Amino acid sequence: MGLYVETSIRAGMDELWERSQDPAQHQRWDLRFTSIGYLPRAEGEPQRFRYATRVLPFLSVDGTGVSAGERHRDDGTRVSALRFASEHPLSLLAEGSGYWRYVPGPDGIRFLTGYDYRPRWGRFGALADRLVFRPLMGWATAWSFDRLRLWCERGTPPGLALARAIGESVLRALLCAAALVYAPPAVALLVLAAALLLPPLPGTPAARRCLRTPPGRTPVSAPRLLSTLEPS
């Protein structure tokens, strides 16, 4: 998989499963989606869904997908897999697939994802994906995982976590602006460095708290469940 994100969450397995698998709860913390909704399905079929992401105040990009999960496994872990695609002409993402794993451990649940996708728009799309879109997707996934962690561990509602992130970013920007205008150059450089390098407050989501490569750089294979899903 092209993108990998992992965090450790001290929460009950059922709570984490519901907040990541229930569309109404999932869309609250995942920065990549504005809305997620299940589509009707027959008994025994994989679950199909529709998603949308607001890219501008009056413009949303949508797509569809299919997912399946294994909630009861012999080793105590859980896993879900999905395939997704978008036919929206403004969507750089054409189609892709991914998985989530839930691995219980002594320090919490290892919650990890791996996913990849095919960009459209030819060479321009490939370049835009490499330089801008793919790094942005990786950051948004990690930031969202940490927001979910704060919700499960501290009870911080996702909306409040977003407000804290915006408020802290604005405060840092104002401090930098004030230092550049009023402080001597050496002091201004120190303020700029601190604003860029100091980690966010403990109650503010931060992508840097998540792993972006598997521990030990050992590749994590996609679950067999993914091979059972047809393209959406």
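What you're looking at is a predicted model, where local features need pLDDT of at least 70, side-chain atom pairs count only at pLDDT 80 or more, and totals for chains, interfaces and linings use all residues. Residues are numbered from 1 along each chain as its sequence is written, and side-chain values use heavy atoms, with hydrogens and water left out.

**Exercise 1. Work out how α3 and α4 are placed relative to each other.**

Step 1: Find the elements. Helices (H or I, at least four residues) and strands (E, at least two) are DSSP runs, numbered from the N terminus. Helix α4 covers residues 158-182, and α3 covers residues 122-154.

Step 2: Get the angle. Axes are lines fitted to C-alpha atoms, for helices over the stretch in contact, and angles run from 0 to 180 degrees between N-to-C directions. The two axes cross at roughly 125° and come within 9 Å.

Step 3: Name it. α3 and α4 are therefore oblique to each other.

Step 4: Look at who touches whom, where contact means heavy atoms within 4.5 Å. On the α3 side we have Trp143, Arg147 and Trp151, and they meet Pro158, Gly159, Ala161, Leu162 and Ala165 of α4.

**Exercise 2. Sort out two of the aromatic pairs.**

Step 1: Learn the rule. Rings of Phe, Tyr and Trp (its six-membered ring) pair if their centres lie within 6.5 Å; planes under 30 degrees apart count as stacked, over 60 as edge-to-face and the rest as tilted. The whole structure holds 11 such pairs.

Step 2: Phe33 sits in the loop between α2 (23-29) and β2 (35-38), while Tyr51 is 18 residues away in strand β3 (residues 47-56).

Step 3: Check how covered they are: buried means under 20% relative accessible area, exposed over 50%, partly exposed in between (1.4 Å probe, protein chains only). Phe33, at 21%, is partly exposed, and Tyr51, at 9%, is buried.

Step 4: Now Phe111 and Phe145. Their centres are 4.5 Å apart with 20° between the planes, and the pair is stacked. Phe111 belongs to strand β7 (residues 108-119) and Phe145 to α3, so the pair ties together parts 34 residues apart in sequence. Phe111 is buried at 0%, and Phe145 is also buried, at 0%.

Step 5: Widen the view. Phe111 and Phe145 belong to one aromatic cluster that includes Trp17, Trp29, Trp100 and Tyr102.

**Exercise 3. Is His72 buried or exposed?**

Step 1: Locate His72: the loop between β4 (59-70) and β5 (78-85).

Step 2: Read the relative accessibility, which is 72%, so His72 counts as exposed.

Step 3: Compare positions. His72 and Leu56 are 16 residues apart along the chain, and their C-alpha atoms are separated by 40 Å.

How values were computed:
Parallel < 35°, antiparallel > 145°, perpendicular 65-115°, else oblique.
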